[in-house]
Amino acid sequence: MHHETCVLMFSGNEIAEKIDPSTADKFGDWTKIKPHGESSSSSDNNTPQDLNEYRMVVFGLPSSGVSSTANTIVGEKLFQEGVTFDGTTKKCQMESRTRFNYVLKVVDTPGFVFDKKMRTAEELFPGLKKSIMLFPPGPHIVLVVLPLDRTNEDLHDMIHCLKCFENLSRHVVVILTKIDKIEKDRAGWKQEIFESENLSELLEFCGKRVVFFDNTSNSEQQVKELLDVVIKVVERNMSECFNTDYFSKKTNKKLELVLQDHEKNRKSVYERIQNFVNWK
Ligand SMILES: Nc1nc2c(ncn2[C@@H]2O[C@H](COP(=O)(O)OP(=O)(O)O)[C@@H](O)[C@H]2O)c(=O)[nH]1
Ligand SMILES: [Mg+2]
């Protein structure tokens, strides 16, 4: 287990090391890696043949940069970004682009909205279910997006709910966005992140597979770094994807317990506030 973590952990930039900067635009040897012999779907007329296809669903708390991350991956502004009270992305959207000699299929989702009225995995994670239909048999990778400036209860709720899907974590790669907000001269910030208490639950869940994104930049390097991790995960999972089997009765049972627990905690916080107010 420890070994796997070390191999898959994003540590600096493995793809970048394989690329001679002078030939980076012509795509170095790393692009020839054919990790799983899966060629792109022949039913898609726009899809070049004989290229490996990677399907990714982008997920996270709203306003984290989910759509922006999807845009960074495809290299164009195809998904709507923005900040609104109710979330900008209302529906799932699938786009496909050939980049770096791979076919990259990306589904943008509204993200995780915790609502106690929702009780089943299908209700709580409509985006994940829909992505399977948008690029069957489903995504190889579930990208969980988190901005650097936001670790709160919502994050814990999201992780607890995601954990209810058995084996989902082996498809997860975390994208930490808004790294442009870090002071340019602050040394050791990556180390700080990997040692952060607030992030420990998430880091354990994703096997420390973390890639850093600045969605305000059109640097290709960050996407190549992500692909480096994606290729290894897909290879390790033997191309198996997140599919409808994950939406099982067992998942719903576990979710029910998490929701009950959440409700209990919420009530106890409310009672504590009430006691405090009455005491004053
Ligand atoms: N500075 C900065 N802003 C970002 C980054 N990623 C997203 N944003 C901004 O954050 C806001 C929400 O982004 P969006 O992708 O629509 O979030 P979503 O609701 O999670 O899909 C938008 O104003 C984006 O421009 C980033 O890496 N850096
Ligand atoms: Mg969005």
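Select Gly82 together with ligand 1, and you will find that a backbone N or O atom of Gly82 lies 2.8 Å from an oxygen atom of the ligand, a polar contact in the sense of a pair of N or O atoms within 3.5 Å. Taken alone, ligand 1 exposes 580 Å², of which the protein buries 84%, with accessible areas coming from the Shrake-Rupley method with a 1.4 Å probe. This is a predicted model, in which local features need pLDDT of at least 70 and side-chain atom pairs count only at pLDDT 80 or more, while totals for chains, interfaces and linings use all residues. Residues are numbered from 1 along each chain as its sequence is written, ligands are numbered from 1 in the order in which they are written, and side-chain values use heavy atoms, with hydrogens and water left out.

A backbone N or O atom of Ser63 lies 2.7 Å from an oxygen atom of ligand 1, whereas in Ser68 an N or O atom of the side chain is 2.5 Å from an oxygen atom of the ligand.

Now widen the view to the 19 residues that surround ligand 1, with Ser63, Val66, Ser68, Asp180 and Asn215 the closest; a residue is counted if one of its heavy atoms lies within 4 Å. This shell divides into five nonpolar, nine polar and five charged residues, and Gly counts here as polar.

Move on to strands S2 (residues 93-99) and S3 (residues 102-108), which pair in the antiparallel sense over seven bridges; strands are DSSP runs of E with at least two residues, and two of them pair if DSSP finds at least two bridges between them. Arg99 has Tyr102 in S3 as its bridge partner. Select Phe100, in the loop between S2 and S3, which has a positive phi of about 55° although it is not a glycine.

Finally, select Pro136 and Pro137, which are joined by a cis peptide bond with omega about 5°.

Technical notes:
A polar contact is a pair of N or O atoms within 3.5 Å; within protein, one must be able to donate a hydrogen and the other to accept it, and residues adjacent in sequence count only if both atoms are side-chain atoms. Helices (H or I, at least four residues) and strands (E, at least two) are DSSP runs, numbered from the N terminus.
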